[in-house]
Amino acid sequence: MKQLSGLDAAFLHLETSAQFGHVSSVSIYSRPDDPDYRPYDAWRAQLQQRLHLLEPLRRRLAEVPLGLDHPYWVADASFDLDFHVRHTAVPPPGSDDQLAALVGRLVSRPLDRRKPLWLSYVIEGLPDRRFAILTIVHHATIDGASGVELMTLMLDDRPEGGTVPPEGESWTPERPPGDLEMLARGALGLARKPARGVLLATRTAREIGRATRNPVLVRAANDVRRSLRGPVGTVLNLGRSRPEEPDQPPPLPSVRPPRTPFNGPITPHRKLAIASTSLDVVRQVKSALGATVNDVVMAACAGGLRTWLDRRGALPDDPLVALVPVSVRTGEETDRWTNRVSMLSAVLPTDEPDPVRRVRRVHEAMASSKELFSALPAERLTDFAEFPPPAVFARAMRLSARLRLGSRLTPGNLVISNVPGPRTPLYAAGARLEHYFPVSTIVEGQGLNITVQSYLDRLDWGLVSCAELLPDVDVLLRDVLDELDALAAAAGVAVPGSAPAAQSSST
C-alpha cells in the first residue's frame, strides 16, 4: 500500500457533481501500411504488454474509515483491462469539431472510484484512416510532468516497437485492507500531525522572514526551532530533508482578478477546442522580441482574450490574472507517480492594445511572479496540505466546493499551462503519433483552461471551457491563433498556411 499525499487527496476532496479531478489528452495517430490494422486491438495489446511499467493503471483507492487519514493506493484485486480500454467513433467526415465535441462529452463525467482512476477511448472515423486515443487519468494519480512520462512509457520510439523490459516479479493484487487495519494507520498518522504542523510553521516563518529581511521573525522562528531539537525533533523529521534557501527579494503585492463571463459557477458540461501551430514560428517570434516561448504563448492568449471579451462588450479595464502551474520536481523523488506541482499567478495584459508591448508586459509579469514564487520554497506550500487532520481537511474541501467559494474568491481568471513534450516521434503499436492535444480540467469560478503541449515541431493547443459560461470556445481559440499570427507579423516572421489537425500533421 502507498498513501496519497495531502495534495493528491485534495484533488479527490474537491470533486463535486460539476467539478471533476481528472485530466485528459487526445492523441491522433496515422495507421501503418497494414489493411488489417485494428486500432482498438492494437492499443489494448500495447497496454497489456507493458502494464507492469504503468503502476498508476492497476491501483485503486482504499479509504480510511471516518476519514481519519488520507486514502491509500492498493493493487486492484479485480483489475479488468477491458473496463478501462473502450471503443467509439465520430461520424463522417470526422472533423476536428466533431472530435472535440465527442471528447467534451466523454470528459464531462466523473471516474468510478471503485476502479483504478483512468479510462482510454480508441476513437475511429477520422479522415485519411487516422484514429485518436483519449486518455483520462485522475489528477490524484499524476501531474503534468509525470503524465508526460506515463505517455512515453505507453508508447514506442520506433514503428516496429521497442524492447519492453521484462516484469521482474509476477504481478499479484494486494489483499484489501480491513477497517481495523486502516483505522490503526489513520490513528497513528493523526497523532503525528500537530507536532509536524509546528515544525512546518516554524520553517515557513523563518523562510518568510528571510524573504522579507525581517530579523525579528527569523529570530523567533529559530528560537522555536531550537526548542524542538533533540530526540523529539529527530523523530518528527525522520526522512525529511532541510534544504537551506538563499535570501530572496520582498514579495510583491497580489492583484485581484476582475470578473469576466467565464468566471462564475460551473456546470458538469465541457466544451473543447483543439488546434496545432508551428513551434518554429513561436521560437522565431520569441527570439525577435527577446522573450521566451512561454511569454509568446501567454501574450497570444492575452490578445485572443482581449479580442473575445471586447467583441462581447465585457473587456475589463483591469488586466486579467492567469494561474500558471509550475512543476517542483527535483528528479530525486522516490515516488514519481504523485503530484509535485504548485501554482504562480501573473498579470495577463488584456488591457494592452499593442501586441508587442503585451509580450514585454507578460515577460515582466512572469519575472515578478517568479520572484514572489521563489521567496517561499514551493514544497512548503504542498507540505501544508499534510498538516490539517484529514477528516477536517476533507470536509473543508468539500464544503468549499459545495458552497462554490471559488466563484466568489477565485485567485485567477483562468489557468494557462505550457507543457514541454517529446522531441522525437512516438508510436503506438506501429501507428505514428501526429498530435498530442491536452484536455485539462476547470475548477469552480474558472470556466476556462488553456493548455499547450509541444511535440516534435508543433504546439498542440487544447482549450477546455464550461459549456454554459463559454460555449464558443472554438471562436476564442481562433482569436488566440489570430493574435499569434499578428505577433509573427510584428516580429517579421513568416507564417505557413493552416489545416485541420485531424486531416494534416503540418500547418
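Tutor: What follows takes the salt bridges, then the cores, the cysteines and the backbone.

The model is predicted. Its salt bridges number 18.

Start with Asp472 and Arg312. Their closest N and O atoms are 2.0 Å apart, and the two residues form a salt bridge. Where do the partners Asp472 and Arg312 lie? Asp472 sits in the loop between β15 (458-466) and α15 (473-490). Arg312 sits in the loop between α10 and β9 (320-327). The pair therefore ties together parts that are 160 residues apart in sequence. Asp472 has 17% relative accessibility, so Asp472 counts as buried. The cut-off for buried is under 20%. Arg312 has a relative accessible area of 35%, so Arg312 is partly exposed.

One group of bridges is linked. Asp351, Glu352, Arg357 and Arg361 form one network, joined by salt bridges that share partners.

Two further pairs are worth a look. Asp112 meets Arg114 in a salt bridge of 3.0 Å, N to O. Asp112 is partly exposed at 26% relative accessibility. Arg114 is exposed at 66%. Asp41 and Arg38 also form a salt bridge, at 3.9 Å, N to O. The cut-off for a salt bridge is 4 Å, so this pair counts. Asp41 is partly exposed, with 40% relative accessibility. Arg38 is exposed, with 58%.

Next, the cores. In soluble globular proteins, nonpolar side chains tend to be buried together. In this model the largest nonpolar core has 48 residues. Which members of the core touch the most other members? They are Phe262, Leu348, Leu448 and Trp461. Helix α10 (residues 293-311) gives this core its largest share, 11 residues. The loop between α10 and β9 holds Arg312, the partner of the Asp472 bridge. A second core is separate and has 33 residues. Its members include Leu12, Leu61, Ile123 and Ala140.

Now the cysteines. A disulfide is a covalent bond between the sulfur atoms of two cysteines. The structure holds zero of them. Cys301 has 0% relative accessibility, so Cys301 counts as buried. Cys466 is buried too, with 0% relative accessibility.

Last, the backbone. Most residues other than glycine have a negative phi, and most peptide bonds are trans.

The peptide bond between Pro92 and Pro93 is cis, with omega about 10°. Pro93 lies in the loop between β5 (85-89) and α4 (96-106).

Asp128 is not a glycine, yet has a positive phi of about 60°. Its place is the loop between β6 (118-124) and β7 (131-138). Is Asp128 buried or exposed? Its relative accessible area is 58%, so Asp128 is exposed.

Ala429 also has a positive phi, near 55°. Ala429 is in the loop between β12 (427-428) and β13 (431-439). Its relative accessible area is 25%, so Ala429 is partly exposed.

Back to your request. After that, trace the network of Asp351, Glu352, Arg357 and Arg361.

Technical notes. Residues are numbered from 1 along each chain as its sequence is written. This is a predicted model: local features need pLDDT of at least 70, side-chain atom pairs count only at pLDDT 80 or more; totals for chains, interfaces and linings use all residues. Side-chain values use heavy atoms; hydrogens and water are left out. A nonpolar core is a set of buried Ala, Val, Leu, Ile, Met, Phe, Trp, Tyr and Cys residues joined through side-chain atoms within 4.5 Å. Buried means under 20% relative accessible area, exposed over 50%, partly exposed in between (1.4 Å probe, protein chains only). Helices (H or I, at least four residues) and strands (E, at least two) are DSSP runs, numbered from the N terminus. A disulfide is a pair of cysteine sulfur atoms within 2.5 Å. A salt bridge is a side-chain nitrogen of Lys or Arg within 4 Å of a carboxyl oxygen of Asp or Glu.
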